[in-house]
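Let's take a walk through a protein together. Keep the picture open beside you and look for each spot as we get to it.

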Amino acid sequence: MSILVTGGAGYIGSHTVVELLNNNVEVIIIDDFSNSKPEVLEKIKQITKKDFKFYRMDYGNAEELKKVFEENPSIEGVMNFAGYKAVGESVQKPLEYYTNNISGTLTLLNTMKKYNVKKFVFSSSATVYGEENDIPYVETMKTGSTTNPYGTTKVFIERILQDLYKSDTTWNIAILRYFNPIGAHESGLIGEEPQGIPNNLMPYIVRVASGELKELSVFGNDYPTPDGTGVRDYLHVVDLAKGHVKALEKLNKDQQGLHIYNLGTGRGYSVLEIVHTFEKVTGKKVQYKIVDRREGDIAIAYADTKKSHEELGWIAEKNLEDMCKDSWNYIEKSQKK
Ligand code: UFG
């Protein structure tokens with residue numbers, strides 16, 4: 001029995017593949033390297049000392065996808081990491097985002113249905129809570145209004161999955177709402193590698209610390225938070241990856257259902273807390289300046305983690321120091337190459 005992982009060479013996909021292989025789950029990866037590098041596959045093998053099948057292809061290509069299912073009758077479930085994820089870019093390229101994220105997922109689901117594979121783990125995001133809900137975010141809250149096409153694709157796909165399940169309750173689906181994953185595998189062999197100038201906080205911080213970028217712009221210090229800067233629920237990507245293994249175990253046990261889980265630590269840190277912890281742990285200075293708020297940002301977001309804790313037996317174990325240390329370790333190692 002094996003699990004098909006789309007986008008398995010990407011940041012969250014690669015860390016999840018490592019955890020799956022470490023748990024003796026057989027894995028088949030699909031990736032087109034549109035936001036990842038082929039070397040990652042070798043690094044996964046180096047870390048786990050395990051092998052897997054790989055297909056270089058777009059997960060939205062129905063013909064090629066069909067071939068993958070034909071050639072691998074062992075596929076019993078799918079984890080989908082192949083979505084585009086840059087908020088700002090999605091505003092510039094809505095059609096690319098709707099096509100890749102929504103059409104891609106529909107092609108995948110249609111193909112799964114055809115081959116009677118109904119176990120599906122979907123990468124969703126805390127962004128679906130929108131701007132109206134109170135914190136902490138609980139899975140039962142109504143999904144909110146999104147401010148960009150990327151977020152809208154997540155809301156739409158969640159809705160599609162709910163409709164699908166309603167129509168056929170033999171589907172077995174877990175929707176995982178990620179908060180802010182940072183950090184990297186402790187080996188320093190895999191990590192986050194955004195193309196171009198990073199939009200997210202930690203990738204930006206590590207590039208300032210390494211001298212690649214001059215200074216961090218802190219987007220606003222007049223939010224109603226203890227130090228005025230935005231507060232988010234950062235979690236270590238390896239904890240997030242382990243959450244996927246737990247979700248898969250839950251699906252294996254239940255056989256059918258649709259479940260939604262927040263994956264976060266349940267506590268928030270401000271931008272300046274991240275900067276200062278990073279400086280303390282790495283001994284590197286992070287120059288920053290305070291600038292205006294970024295459009296679309298909210299003051300505070302963090303998860304209610306009760307459901308994932310109780311139903312999955314999952315809890316984020318690594319702390320902020322680990323997250324900062326491992327983010328930096330990955331950058332240092334990749335610079336030494
Ligand atoms: N920030 C800065 N400077 C930067 C980058 C970020 O001050 O250069 C601040 C933001 O204002 C925010 C915090 O750092 O307060 C975190 O920002 P990120 O861009 O790292 O993360 P977001 O919480 O904005 O976005 C993340 C994911 C999105 C997802 C969103 C909501 O990147 O995919 O959470 O769930 F949509």
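What do β1, helix α1 and β2 make? They make a right-handed β-α-β unit. Right-handed here means that, with the strands pointing away from you, the path from the first strand over the helix to the second runs clockwise. Before we go on, a word on what you're looking at: this is a predicted model, where local features need pLDDT of at least 70, side-chain atom pairs count only at pLDDT 80 or more, and totals for chains, interfaces and linings use all residues. Residues are numbered from 1 along each chain as its sequence is written, and side-chain values use heavy atoms, with hydrogens and water left out.

Helices (H or I, at least four residues) and strands (E, at least two) are DSSP runs, numbered from the N terminus. Strand β1 covers residues 2–6 and runs parallel to β2, with 5 bridges joining them. Two strands count as paired if DSSP finds at least two bridges between them. Within this pair, V5 stands opposite I29 in β2.

Now follow β2 to its other partner. Strand β3 (residues 53–56) pairs with β2 in the parallel sense too, over 4 bridges, and I28 stands opposite K53 in β3. With helix α2 (residues 39–48), β2 and β3 make a right-handed β-α-β unit. Why is β2 largely enclosed by the rest of the structure? It's because 5 of its 6 residues (26–31) are buried. Buried means under 20% relative accessible area, exposed means over 50%, and partly exposed is in between (1.4 Å probe, protein chains only).

On the way into β2, stop at N24, in the loop between α1 and β2. At 63% relative accessibility, N24 counts as exposed. N116 also has a positive phi, about 55 degrees, although it is not a glycine. You'll find N116 in the loop between α5 (94–114) and β5, and with 57% relative accessibility it counts as exposed. Further on, the loop between β5 (119–125) and α6 (149–167) holds P136. The peptide bond from I135 to P136 is cis, with omega near -5 degrees.

Next, the ligand. There are 18 residues around it, and N200, L201, S217, R232 and D297 come nearest; to be counted, a residue needs a heavy atom within 4 Å. Which strand gives the largest share of this shell? That's β8 (residues 216–219), with 4 residues. By class, the shell has 8 nonpolar, 7 polar and 3 charged residues. Nonpolar covers Ala, Val, Leu, Ile, Met, Phe, Trp, Tyr, Cys and Pro; charged covers Asp, Glu, Lys and Arg; the others, Gly among them, are polar.

One lies 3.0 Å from a polar side-chain atom of N180, and a polar backbone atom of F219 is 2.9 Å from an oxygen atom of the ligand. In the side chain of R294, an N or O atom is 2.8 Å from an oxygen atom of the ligand.

Last stop: R207, in helix α7 (residues 201–209). Is R207 buried or exposed? R207 counts as buried, because its relative accessibility is 9%. A polar atom of its side chain lies 3.0 Å from the backbone oxygen of P203.

How values were computed: A polar contact is a pair of N or O atoms within 3.5 Å; within protein, one must be able to donate a hydrogen and the other to accept it, and residues adjacent in sequence count only if both atoms are side-chain atoms.
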